[in-house]
Amino acid sequence: MRKPLLGLLALDNSKDYNRQQCSGMYSKKGWGGDINPYVQTTIEKAPPPDDQDAFVSLVVFEFRDEDLIGVWPSPDAPEKEYICTQPNIDKKFCNSTQLGAFILSPNASDSRNPILSYKANLKDPEAPLYHVERTGYYCVSSAPFSDGVQYKGKVEFRNAYGNLPAAQIAKLPFYAGITIVYAVIGIFWGFLYAQNRHDILPVQNYITAIIVFLIAEQLMTWGFYDYQNNHGSNALAKVLLIIVSILNAGRNSFSFFLLLIVCMGYGVVKPTLGKTMVYVRFLALAHFVFGVIYAITQAR
């Protein structure tokens with residue numbers, strides 16, 4: 001089980017792919033919740049050694065508005081001009097009040113979603129809120145405006161319903177629903193099991209065990225996402241993630257074990273597998289051990 005990505009992402013210019021961070025966002029009407037959803041970028045204070053002003057250019061936008069950022073200096077230009085510098089002011093691509101910010105297209109104000117373009121001074125960087133009014137895929141792009149500037153920061157994509165990102169929130173009702181489905185199946189199976197308890201085949205005892213296990217595993221998985229949505233990625237959430245990963249590995253190994261013994265005729269054409277059952281159990285145990293190792297490494 002892979003660790004769900006929360007709405008708090010790193011931003012820095014040490015690597016190009018970290019200069020921009022994006023995440024899906026729901027509007028307050030889209031999924032419900034108690035607060036107004038927002039995007040907030042926090043840049044770490046890093047005053048330059050020479051005590052000169054150093055700036056970082058930032059822009060927050062909905063992904064479909066990407067074409068509204070930057071201007072083409074000429075029809076045959078190989079790339080856009082993105083940052084409002086003094087030469088770009090002289091060329092009338094932007095004005096002096098926008099110096100250091102991202103350049104926006106003249107028709108940017110016609111977009112259904114606002115575009116927030118500003119510069120942050122590393123001596124005392126501001127962290128304005130970008131309020132999300134419509135469901136969409138929102139991005140924060142950054143670039144050093146001053147030469148030689150190194151910066152780091154965090155982008156918080158806060159949805160109205162809680163801490164889970166938009167890509168993960170649908171898992172809450174899904175795991176709640178599937179837990180109920182497994183519980184209903186378990187009740188009917190238990191009723192039939194009790195009615196025919198004198199004619200139960202050995203393999204049906206394993207089926208009973210895996211149904212109970214599945215109910216517990218799905219309930220635990222739902223509880224993990226619910227806790228993380230309400231409390232974020234704290235220490236207890238990481239412990240729950242490891243427990244869910246172990247249960248997930250157990251479910252895979254148990255299913256593999258059950259499929260294997262049924263395919264070998266256990267409880268159907270063979271009352272016992274003899275010594276072969278020992279080998280099958282060791283194989284399932286090895287499958288579980290390596291499954292746990294894989295699950296935990298993926299959850300880091």
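Predicted model: local features only at pLDDT ≥ 70, side-chain atom pairs only at ≥ 80, totals over all residues.
Residues with over 50% relative accessible area are classed as exposed, those under 20% as buried, and those in between as partly exposed. Glu62 has a relative accessible area of 2%, so Glu62 is buried. The two side chains meet at 3.0 Å, N to O.

Three salt bridges were counted in the model. Besides the pair of Arg64 and Glu62, a salt bridge joins the side chains of Lys45 and Asp124, with an N to O distance of 3.9 Å. This pair links distant parts of the chain, 79 residues apart. Lys45 belongs to the loop between strand 3 and strand 4. Asp124 belongs to the loop between strand 5 and strand 6 (129–131). Both Lys45 and Asp124 are exposed.

A salt bridge is also formed by Arg251 and Glu217, whose side chains meet at 3.1 Å, N to O. Here two helices are linked: Arg251 lies in helix 6 (residues 235–263) and Glu217 in helix 5 (residues 202–231). The partners are 34 residues apart, and the pair again links distant parts of the chain. Relative accessibility is 23% for Arg251, which is therefore partly exposed. Glu217 has 2% relative accessibility, so Glu217 counts as buried.

The largest nonpolar core holds 18 residues. Within this core, Val39, Leu58, Leu122 and Val140 touch the most other members. Two or more residues each come from strand 3 (38–43), strand 4 (55–62), strand 5 (116–121), strand 7 (136–144) and strand 8 (152–158). Strand 4 gives the most, with three residues.

The contacts of Val39 were listed without residues up to four places away in sequence. Val39 touches the nonpolar side of its surroundings through residues including Met25, Val60, Leu129, Val132, Val140, Val155 and Phe157. Tyr130 and Tyr138 are also touched by Val39, as are Pro128 and Glu156.

Aromatic rings were then compared. The count comes to ten aromatic pairs. One of these is formed by Tyr26 and Trp31. Their ring centres lie 5.2 Å apart, with 45° between the planes, and the pair is tilted. Tyr26 has 22% relative accessibility and so counts as partly exposed. Trp31 is likewise partly exposed, because its relative accessible area is 35%.

A second pair consists of Phe174 and Tyr175. The centres of these rings are 5.2 Å apart. Their planes stand at 75°, so the pair is edge-to-face. The two residues fall in separate accessibility classes. Phe174 has a relative accessible area of 47% and is therefore partly exposed. Tyr175, at 17%, is buried. Ring pairs extend this arrangement into a cluster that links Phe174, Tyr175, Phe224 and Tyr225.

A charge also sits over an aromatic ring. The ring belongs to Phe55, and the charged end of Lys119 lies over it, 4.5 Å from its centre.

Key: Residues numbered from 1 in each chain as written. Heavy atoms only, no water. Core = buried A, V, L, I, M, F, W, Y, C linked by side-chain atoms within 4.5 Å. Buried < 20%, exposed > 50% of the residue type's maximum accessible area, 1.4 Å probe, protein only. Helix = DSSP H or I, 4+ residues; strand = E, 2+ residues; numbered from the N terminus. Contact = heavy atoms within 4.5 Å. Phe/Tyr/Trp six-rings, centres within 6.5 Å; stacked < 30°, edge-to-face > 60°. Lys NZ or Arg CZ within 6 Å of the ring centre and 35° of its normal. Salt bridge = Lys/Arg side-chain N within 4 Å of Asp/Glu carboxyl O.
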